[in-house]
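This briefing is for a reader meeting the structure for the first time. It starts with single residues and then turns to the chains and the place where they meet.

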Amino acid sequence: MVPTNSQGIFRFTLVQRLFHAFLLVSFLIQAATGLGRMTMETGWGRGVLSIFGGYDASRDVHIFVGRLMLVVLLIHIIYLMTKVDWKHLPKSLWSQDSLVPRPADVRQFFQHLGWMLGMRKYPEFDRWGYWEKFDYWAVFWGMVVIGGTGLLMTYPFWSTGFMPGWGLNVAFWVHRIEAILAIAHVFIIHFFIAHLRRSSFPMDRAMFSGNAGLSLTRHERSAWVERLEADGGMNALMVPQDAGIVKTVHFVVGCTAVVIGLYLLIGAAISVFQITW
Amino acid sequence: MIPEEIMRQREQKHFRQVLLPLLLVGTFGASFLNVHAQEEVASAIRRYKDREASTGYYEAYEVRPQRSMPLVQIPGVQRGLFPYSPTSAQTRIRTRLTDSHLGIKFYNGRRCVDCHPEQARDIHTIRANLTCRQCHGGEPIASNEHYFSPMNPIRRHAYICAKCHPGASASYAAYIIHEPNPALAGTLKSFPVLAWAFWIMVAIAVGTFVLFLPHTLLWGIREIFMKKHGEAGNHGTDK
């Protein structure tokens, strides 16, 4: 059977999509409660906090969701362990289907930059682009730094048992700056790439539906499609694209997340000039 | 019978029938009441715990002065027992005074933030709405390093922190309430770990955006000017 451009190519399993959906919801809650508490001196900050029941209740929500995120991170690590091809280590970690960064990613980054400047050909990306690998591992880095410092502050009697109390001053600022970095990165860069680029506007639904349009994938990830066609695995990954109500739901959920994210980003950006640092 | 004897008999009768029963009932009833004054006299440790909402660490840390008197000293400089007059308005170092504001002119008409504006710019003051006196106490406010001050690090966790954070330890009380602004140059000397942590995190954040903001912007602009394709961007053929 010859694949047609109206079909989609399977990219994400249900479990992977559920991980992303959890991260989407929990990240928005953490961003809202965290930014709200940071800007509680302003009307905007108090307004955001009122959605969660006020200043103190927002802290409880923030801590509860934070703990949940760490638990899900552990579950995700266990999930990763089940997906590793242990028999062919370490070669399997460097395969084209792996998210582990490779030297080729650095080369493709510069080639991509060259294409943006009109100087080079568009790189032949495989299954994962370098920006997707960066986004994936950035979550690990963020969860360790923000989650670690968050735990220190959530359990101060425990943490000051092995470090002096002024360590909490340091933990607070590391937590704050890393959170601002994560929020700004997701709400500006990730949202732009997934929603506002011409190729993906108004929304790249692959992470919601699980599949990407074949035509776009053939151009964006030509090395992947060629590899699949060469080894005969293409037909197994061809799926019909979502339509109708499912497609609408994906748009509504995705675009709602973008609107909430931009509201938080702009509101916080205005409010930071009115708070005591 | 003479009136005086009648009066005395009435008093005796009144005492037996009214006052004595009342006294007995009152004594019996009072035994059920929690009278702190008696406990204070009976047990110094109990009195201690009445004021302490902590875990009991306090007793291990506290050292009562024996025959020594609280001395006013400059660290590293010994100028006799009382190098500064306790009534002097020219005291230069106030970290160990019984009354840290001793001798300040027009003190009664001033507010704490008149002289300590930076000390009101912290989370405890701004977010928890704590007032200065909730931690530093009433007049006279002893210096933090003074031997008997509740703010002295040997008992701060029990007398101050544990009011709102029951279970606070001495290590916990090492949290810097009035932390300096980590972005200021002076913080590199006063709280170097905080300053370094702050600037390293800022460098990571700035580095990320210096790399990815122009990258993302260029990508967006480039796609606008791509050649039209059937469904999406024609990445591969326009160059």
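In this predicted model, His76(A) counts as buried because its relative accessible area is 14%, below the 20% limit used for that class. The residue belongs to helix 3 of chain A, which covers residues 55-83. Thr33(A), in helix 1 of chain A, is buried as well, with a relative accessible area of 0%.

**Around His76(A)**

- The side chain of His76(A) forms a polar contact with the side chain of Tyr136(A), at 2.7 Å.
- When neighbours within four places in sequence are set aside, the residues in contact with His76(A) are Phe19(A), Tyr136(A) and Phe140(A).

**Around Thr33(A)**

- Helix 1 of chain A, where Thr33(A) is found, runs over residues 14-38.
- Thr33(A) is classed as buried because its relative accessible area is 0%, and the class takes in values under 20%.
- Which side chain makes a polar contact with the side chain of Thr33(A) at 2.7 Å? It is the side chain of His62(A).
- The Thr33(A) side chain also reaches a backbone atom, the oxygen of Gln30(A), at 3.3 Å.
- Beyond four places in sequence, Thr33(A) touches Leu49(A), Phe52(A), Ser58(A), Val61(A) and His62(A).

**Chain A as a whole**

- Chain A contains 12 helices and 3 strands.
- It has 277 residues, and 49% of them count as buried.
- Of the contacts in chain A between residues at least 6 apart in sequence, 72% link residues at least 24 apart.

**Chain B as a whole**

- Chain B has 10 helices and 0 strands, so its pattern along the sequence reads α-α-α-α-α-α-α-α-α-α.
- Of the 239 residues in chain B, 26% are buried.
- Contacts in chain B with a separation of 6 or more include 41% between residues 24 or more positions apart.
- The accessible surface of chain B is about 16400 Å², and carbon and sulfur atoms account for 62% of it.

**Where chain B meets chain A**

- How many residues of chain B are in contact with chain A? There are 51, and they touch 54 residues of chain A.
- About 4800 Å² is buried between the two chains, and carbon and sulfur atoms give 71% of that area.
- There are 15 residue pairs in polar contact across the interface, counting pairs with both residues at pLDDT 80 or more.
- On the side of chain B that touches chain A, the elements giving two or more residues are helix 6 (123-126) and helix 10 (192-224) of chain B.
- Helix 10 of chain B gives the largest share of that side, 21 residues.
- The residues of chain B on this side comprise 28 nonpolar, 13 polar and 10 charged.
- Between chain B and chain A the count is 1 salt bridge.
- That salt bridge joins the side chains of Glu223(B) and Arg197(A), at 2.9 Å from N to O.

Key: Residues are numbered from 1 along each chain as its sequence is written. Chains are lettered from A and ligands numbered from 1 in the order in which they are written. This is a predicted model: local features need pLDDT of at least 70, side-chain atom pairs count only at pLDDT 80 or more; totals for chains, interfaces and linings use all residues. Side-chain values use heavy atoms; hydrogens and water are left out. Contact means heavy atoms within 4.5 Å. Buried area is the accessible area (1.4 Å probe) that two parts lose on being put together, summed over both. A salt bridge is a side-chain nitrogen of Lys or Arg within 4 Å of a carboxyl oxygen of Asp or Glu. A polar contact is a pair of N or O atoms within 3.5 Å; within protein, one must be able to donate a hydrogen and the other to accept it, and residues adjacent in sequence count only if both atoms are side-chain atoms. Helices (H or I, at least four residues) and strands (E, at least two) are DSSP runs, numbered from the N terminus. Ala, Val, Leu, Ile, Met, Phe, Trp, Tyr, Cys and Pro count as nonpolar, Asp, Glu, Lys and Arg as charged, and the others, Gly among them, as polar. Buried means under 20% relative accessible area, exposed over 50%, partly exposed in between (1.4 Å probe, protein chains only). Accessible areas come from the Shrake-Rupley method with a 1.4 Å probe; for residues, only the protein chains shown count as cover.
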